[in-house]
Amino acid sequence: MSDILFPVKPEIAATAHVNAEQYKAIYARAATDPAGYWAEECKRIAWMKPPTRILSGDFHGDVRVKWFEDGTLNASVSCLDRHLATRGDQVAIIWESDDPNVSTKITYRQLYEQVCRFANALKVLGVRKGDRVCIYLPMVVEAAVAMLACARLGAAHTVVFGGFSPDSLAQRIKDAGVRVLITADEGRRGGRKVPLKANSDAALRQCPDVHSVVVVKVTGGDVPMQTGRDHDYATLCAAASPDCPPTEMNAEDPLFVLYTSGSTGQPKGALHTTGGYMVWASYTHELVFDYRPGEVYWCTADVGWVTGHTYIVYGPLANGATTLMFEGVPTYPDASRFWQVVDKHQVNIFYTAPTAIRSLMREGEAPVEKTSRKSLRLLGSVGEPINPEAWLWYHRVVGEHRCPIVDTWWQTENGGIMISPLIGAIALKPGSATRPLPGVLPVLVDAEGRELEGEVEGNLCIKAPWPGMMRTVYGDHDRFVQTYFSTYKGYYFTGDGARRDADGYFWITGRVDDVINVAGHRMGTAEVESALVAHPKVAEAAVVGFPHDIKGQGIYAYVTLKVGEEPNDALRKELIAWVRKEIGPIAAPDTLQWAPSLPKTRSGKIMRRILRKIAANETDGLGDTSTLADPSVVKDLIEHRAG
Ligand code: 6R9
């Protein structure tokens, strides 16, 4: 681990939202008097009826946490209406196309009008308060419009990443009880086309309840439209009124459901509510990015992930920022693209993932150095642990030692950033997410759930509710309690391990459950396994993560074939393509090894610890294998290690 320390620069501390002394004071205040602290902070968003009851519930029993429960609001008002008087003509969204010659800008007033029109159009299609609407769009402005239009009507959106397969899309649509889908003809990424409408059509064959599909023309590709079901986005909006009063929502009414992978079975729909989420989105965006009015802010995530929800759409728009939406990829047309976009739009704050930094690092410094990047003031990282080498490269080459880096740790379930430096208050250590934000009480516990003190490594838990936390798993509250609050009683368990150093800094070590983090995307091993065993020739499969230079972790699959099936290269390729088709490209195994049998305990449990070691090529330290039913299995797997 890196011991290098980058102290807070005095000129940054002097102007930042929070300096070291203030951090200490507000951290203590939020920890000891959460209701008092958030009663003040919740005023940062627009309320129809301001709340008087701030917090109820805790992490015991059936975990019914409520924030601001007697307040009412509409999230779109905080993001749009309230800015019209002061910054109606300021750019709200800069959209940069996959094609470097194309970009557009849309002001708060224009965004407001588009959202109102589309909300009215959705109303005509029957969307009502309390419904769920699925959004399966590429990175186009219409994705933000669609999210805000749902919010305006009080319908929860569930955004599905455009890289997911028809089956994954269908699964989410069915689980959420969706009846209206918003998609595009095709997406564009790195010069290639993504067949979103074709995928939607395939998915909807399994979803008879979806009665309406709205299709945004992105590429203009020729796609079949089903009469009565499919509607053209532009035509609907042109016919709709630009005036749409916001629906009054309770603070605890759902804002969105976002599916995320866990250690078992099917993805879970993380349900976020309106008041607490919006307060957390606005608060964390302002503090962590030290956002100031007039700045251009760019988060490179996709809106299909939680980072896109909170830090492209809700946080920045609530704070009246100019937020950049990028349709493309970091390496198209070449490895200079990010920095060209930074120069073109004079970006001040830039937030990306370690996997992107590592892939650009591999291309050398020249593509970065041929750009100016003088507008940059602050850099951010999210999605997985950032290795100190990548951190230092980001700091030296991209930020020219000028820009502090905020390594932000958080999860879909959290709603927004939880552990991160505040640039005016906390000295940086490359590779450490540093300290918790005010309102966040992280603890490390041992296997028995006992809190550990001081310099120690343990399981990362959170001790008390914060406004942005998810409230339930959509449609399955028992699963919510079971997944997050049963491992260590009275604590929210993150699924991550972490170390705390002598300065009280947190170093996230990665998942301690059966979740793999592939290029910042969460993938449950169980999901990949069930896709593999769904193939007619596969008898059994075990999937683990292994260290990968660019992606952080790669996917390593051990496959046992049915009796009579011959392992060969063609079948290996077929199985990898099968997973890609079943779940999506992000789930495709990097390595697939044939396993005549898998290492199991006498009770039949697969010993993943051993499979992880073999995948990582750390076969010297396999540890105790005496509980295996047949220890010879391991020898065979080591001999035939793939990759
Ligand atoms: C926002 C997001 C959550 C998991 C989380 C952890 C990993 C995210 C990290 C990080 C180390 C960071 N993670 N940020 N690990 N340092 N700065 O990524 O949400 O997709 O739900 O993933 O990602 O393992 O548990 P999500």
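**Close-up views of a predicted model**

View 1. UniProt, in an unreviewed entry, places the feature "domain: AMP-binding enzyme C-terminal" at residues 527-605. UniProt positions follow the numbering used here, feature names are shortened, and annotations may be inferred rather than shown by experiment. In this span, the end C-alpha atoms lie 17 Å apart, with 27% helix and 32% strand. Helices (H or I, at least four residues) and strands (E, at least two) are DSSP runs, numbered from the N terminus. This is a predicted model, so to speak of local features takes pLDDT of at least 70 and side-chain atom pairs count only at pLDDT 80 or more, while totals for chains, interfaces and linings use all residues. Residues are numbered from 1 along each chain as its sequence is written, and side-chain values use heavy atoms, with hydrogens and water left out.

**View 2. The N-terminal domain is another UniProt feature.** The unreviewed entry puts "domain: Acetyl-coenzyme A synthetase N-terminal" at residues 23-79. Here the end C-alpha atoms are 27 Å apart, and the span is 40% helix and 11% strand.

**View 3. The ligand sits in a shell of 17 residues.** Asp407, Thr408, Thr412, Asp496 and Arg522 come nearest to the ligand; a residue counts as near if one of its heavy atoms lies within 4 Å. By type, the shell has six nonpolar, six polar and five charged residues. Ala, Val, Leu, Ile, Met, Phe, Trp, Tyr, Cys and Pro count as nonpolar, Asp, Glu, Lys and Arg as charged, and the others, Gly among them, as polar.

View 4. A polar side-chain atom of Asp407 is 2.7 Å from a ligand nitrogen, and a polar backbone atom of Glu384 is 3.4 Å from a ligand nitrogen. Over at Asn517, a polar side-chain atom lies 3.3 Å from a ligand oxygen. (With the ligand, a polar contact is a pair of N or O atoms within 3.5 Å.) The protein covers 97% of the 530 Å² of accessible area that the ligand has on its own, by the Shrake-Rupley method with a 1.4 Å probe.

**View 5. The second largest pocket holds about 330 Å³ of space.** Among its 15 lining residues, Tyr27, Pro436, Pro442, Arg500 and Phe506 are the closest to the centre. Helix 2 (20-32), strand 21 (442-445) and strand 22 (451-452) each give two or more residues to the lining, and helix 2 has the largest share, with three. The lining has nine nonpolar residues, one polar and five charged. On a 1 Å grid over the protein atoms alone, a pocket is an open set of points with protein on both sides within 12 Å along at least five of seven lines, a cavity is a set where a 1.4 Å probe fits but cannot get out, and lining residues have an atom within 4 Å of a point. Points are joined across faces, edges and corners, and a volume is the space filled by probe spheres set on them.

**View 6. The largest cavity holds about 40 Å³ of space.** The structure has three cavities of 30 Å³ or more. Residues lining the largest cavity include Leu73, Asn74, Met249 and Thr274. Its lining splits into seven nonpolar, three polar and no charged residues.

View 7. A cis peptide bond, with omega about -5°, joins Tyr332 and Pro333. Pro333 is in the loop between strand 17 (322-326) and helix 13 (337-345). Phe68, not a glycine, has a positive phi of about 60°, and Phe68 is found between strand 2 (66-67) and strand 3 (72-73).

Terms used. Polar contact = N/O pair within 3.5 Å; in protein donor to acceptor, adjacent residues only side chain to side chain.
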